[in-house]
Amino acid sequence: MMAGIVSGVGGIVHSLITVYIWVLIIGALLSWVRPDPYNPIVQIIYRLTEPAYRLIRRVMPTVFNGLDLAPLILVILLQVLDVLLVNIINALVLS
């Protein structure tokens with residue numbers, strides 16, 4: 001019973017991380033085309049991504065040759081977190 005709950009929570013966390021990675025990718029692609037900043041979808045994506053970018057920019061410089069690598073750094077960090085969580089949850093479920 002407990003293994004099922006842990007596995008379910010892990011699946012939800014994995015799904016949320018995956019969705020957030022897609023939001024980051026869409027936000028990065030939108031930044032290349034400079035969409036209407038008053039568009040509600042653009043505002044939602046900006047509100048979802050900018051706090052995380054701000055946190056990363058506070059820790060390390062992310063702009064190299066005019067290219068902001070904050071989305072790439074955040075996607076890599078989220079992928080590492082996702083792999084770690086999945087392995088930990090699998091270890092908990094199988095033990």
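**Entry 1: T62**

I started with T62, which lies in the loop between α2 and β1 (63-64). Helices here are DSSP runs of H or I with at least four residues, strands are runs of E with at least two, and both are numbered from the N terminus. I am reading a predicted model, where local features need pLDDT of at least 70, side-chain atom pairs count only at pLDDT 80 or more, and totals for chains, interfaces and linings use all residues. Residues are numbered from 1 along each chain as its sequence is written, and side-chain values use heavy atoms, with hydrogens and water left out.

Is T62 buried or exposed? T62 counts as buried, because its relative accessibility is 4% (buried means under 20% relative accessible area, exposed over 50%, partly exposed in between, with a 1.4 Å probe and protein chains only). I then looked up its contacts (heavy atoms within 4.5 Å). Leaving aside neighbours within four places in sequence, T62 touches I56, R57, L67, D68, L69, A70 and I73.

**Entry 2: the core**

I found eleven residues: I17, I21, L24, A52, Y53, I56, A70, I73, L74, V75 and L78. Helices α1, α2 (40-59) and α3 each supply at least two residues of this core, and α3 gives the most, with five. I56, A70 and I73 of this core are also among the contacts of T62. I picked out V75 too: leaving aside neighbours within four places in sequence, V75 is in contact with I21 and L24.

**Entry 3: D82**

I moved on to D82, found in helix α3 (residues 70-94). Which side chain of opposite charge is nearest to D82? That is R57, 23 Å away, and D82 is buried yet has no salt bridge (a side-chain nitrogen of Lys or Arg within 4 Å of a carboxyl oxygen of Asp or Glu). For charge, Lys and Arg count as positive and Asp and Glu as negative, while His and the chain ends are not counted. Leaving aside neighbours within four places in sequence, D82 is in contact with H14 and I17.

**Entry 4: P51**

I found P51 in helix α2. P51 counts as partly exposed because its relative accessibility is 40%. The C-alpha atoms of P51 and F64 are separated by 20 Å, with the two residues 13 apart along the chain.

**Entry 5: W22**

Last, I looked up W22 in helix α1 (residues 2-33). W22 is exposed, because its relative accessible area is 52%.

Note on methods
A nonpolar core is a set of buried Ala, Val, Leu, Ile, Met, Phe, Trp, Tyr and Cys residues joined through side-chain atoms within 4.5 Å.
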